[in-house]
Structure formats: structure tokens, C-alpha cells
Amino acid sequence: MVYASHSPKPLEKSITNLKLQAMKAQGEKFVTVALYDAPMAAMAERSGVEVVLVGDSLGMTVLGYDSTIPVTMEQMIYHIEAVSRGNKKSLIMADLPFMTYATPTQAMENAARAMQAGAHMIKIEGGSWLTETITMLADRGIPVCAHIGLTPQSVNKLGGFRVQGRTEEKAQELFDDAKKLEAAGADILLMECVPADLAKKITEALTIPTIGIGAGRDTDAQVLVINDILGLTPIPPKFSKNFLVETTDIPGALAKYVGDVKNGVFPSNEHIFE
């Protein structure tokens, strides 16, 4: 496949859920960055990043925890507010942290807090058990990104940060979950650390956009954590790339990431799980 050249430029209009759906329909990749503060959020907007994710990964990247599990709703609110002050045009997606959406009612209450803090969409981790929750949120006007595959909040149950869906049985389970989550009202599906062929199959089967991280090159979008983009992670995961080593400054690194996703250069084979 031949990709057109792309020079990242500032967003001209606010990105909406409908815009992302249109980009999927047109076969145009969009870019997601997980970040946590106003300056980086502003830089993402200037670089043309369509979606910024205020991830509970901030527990590990900013707060020094060894997982996302200790992150609180109050900490998420603090960082959502900071990001929303710095970025006015990207779609702002925010994680609900561990055990803040164990029931539909709890999810609705905490999603409302995240939206009031500046999020445009919330992200929750899990499979088909989330269908009732997603339908309740969707019915009340709260957009949802469902997150399957490696779900970091379940790391203790999963036995570590491991690729998911490698057996035929587990692959079918993830595929079925994806279809059920879409039917329940999810607006976006994020897949983390799943084999590239499976991510492609799921992306082609869904009408909603997919975002991949360690999920091959055929998802509708890619997401990386800003710390990985800038080489700040001591032991970077296989799916990440330090873009700062190829550029002269932080804006250049972010622009290079955006351009490489848009042009189909990233992820390359070395970042993909088979």
C-alpha cells in the first residue's frame, strides 16, 4: 500500500465522535496520545493529534506507582482539568480508574464527574460484562471507549502484562466481546497487546473506530503514551518507539509520531505482535 505524505498541522476544528467515524469510513488514520498536563495537551493540538487520552497510566508515568491500580478518581479529575485547559480542539478521552465502574450506577456517577471536568468521552476496561454499563452511559449521552485485550487494571488477574488472544479460544472470545460492546453502544474500541491479525479482523468487523496499541497497523488509529514517544520509559514496551532520537526537540518528536501514523510508517514490524 502506498501512503500519501503528511505534514502535521494544527487542528482547525474541534474533533468530534462523528468526525472519527467519518475518518474510519474514509480509511483515514487518526492519532491518539496519552498525556497528562496542559503544556503537552496544547502541543498535541498544535501537532494535529485528534484524540488525547488522560490515561490512568499516569499512575506509572507521573505518580511513580508500579501499576494503574492505586490511581484515584480525584487524581484523574485533577489531570483531566489540566488537559482540558491546554487543549480545546482534540477529543479528550479519560479513563475511569480501578473499581470506579464496578456497577452501572457507579460508572454513571464517575463518568459524570469526568465529563464535568472536561472529558468528551470516557474509557473503561473489560469485556461483555460491561454491556449493561455501556448501554446505560450511552442512553444518558456519555460517549464510551471500550478497552479489550491487555487491560492493565486486571494485571493481577491476567498474571502480568501479557499479549492476549493468542489461542483460538481466546481470540474468539475477544472478537465476540468486541461485537457485544459495539452493540451495547460503545463509540470506540481500544485494543491493547493483541495479535495483529486478530486486531485487523475485529477492525473490519466493526462499524465503530478502533484504536490500537501493540495491535498491529490495521486499526483505525494508534495510541502511545507521551513518555514512550519521548524516550522517558526506562524499559520501553515492544510496541512503543522513542521518536525524540530522530528529531531535535519535543514538538518535532510529536510531529514525527503523528506523521508516521498518518503515513502508515508506524507501527513497523518490530512493534507488532503476531
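**Close-up 1. Leu 35 is a buried residue of this predicted model.** The relative accessible area of Leu 35 is 0%, so the residue counts as buried. Leu 35 sits in the loop that runs between strand E1 (30–34) and helix H2 (38–46). In sequence, 190 residues separate Leu 35 from Val 225, yet their C-alpha atoms are 6.5 Å apart in space.

**Close-up 2. Phe 243, Tyr 257 and Phe 266 form a cluster linked by ring pairs.** The whole structure holds four aromatic pairs. One of them joins Phe 243 and Tyr 257 edge-to-face, with 5.5 Å from centre to centre and 65° between the planes. Phe 243 belongs to the loop between helix H10 (226–229) and helix H11 (250–262), and Tyr 257 belongs to helix H11, so this pair ties together parts 14 residues apart in sequence. Phe 243 and Tyr 257 are both buried. The ring of Phe 243 also pairs with that of Phe 266: the centres are 5.5 Å apart and the planes stand at 75°, so this pair is edge-to-face. Because Phe 266 lies in the segment after H11 and Phe 243 in the loop between H10 and H11, the pair ties together parts 23 residues apart in sequence. Phe 266 is buried, as is Phe 243.

**Close-up 3. A salt bridge joins Lys 262 and Glu 50.** The count for the model comes to eight salt bridges. In the bridge between Lys 262 and Glu 50, the N to O distance is 2.5 Å. The pair links distant parts of the chain, 212 residues apart: Lys 262 is in helix H11, and Glu 50 is in the loop between H2 and strand E2 (51–54). Lys 262 has 13% relative accessibility and counts as buried. Glu 50 also counts as buried, at 6%.

Close-up 4. Between Glu 246 and Lys 256, the closest N and O atoms are 3.0 Å apart. Glu 246 lies in the loop between H10 and H11 and Lys 256 in helix H11, so their bridge ties together parts 10 residues apart in sequence. Lys 256 also bridges to Asp 260, with the closest N and O atoms 2.6 Å apart. Both Asp 260 and Lys 256 are in helix H11, four residues apart, or about one turn of the helix. Glu 246 is partly exposed at 41%, and Lys 256 is partly exposed at 28%, whereas Asp 260 is buried at 7%.

Conventions
Residues are numbered from 1 along each chain as its sequence is written. This is a predicted model: local features need pLDDT of at least 70, side-chain atom pairs count only at pLDDT 80 or more; totals for chains, interfaces and linings use all residues. Side-chain values use heavy atoms; hydrogens and water are left out. Rings of Phe, Tyr and Trp (its six-membered ring) pair if their centres lie within 6.5 Å; planes under 30 degrees apart count as stacked, over 60 as edge-to-face and the rest as tilted. Helices (H or I, at least four residues) and strands (E, at least two) are DSSP runs, numbered from the N terminus. Buried means under 20% relative accessible area, exposed over 50%, partly exposed in between (1.4 Å probe, protein chains only). A salt bridge is a side-chain nitrogen of Lys or Arg within 4 Å of a carboxyl oxygen of Asp or Glu.
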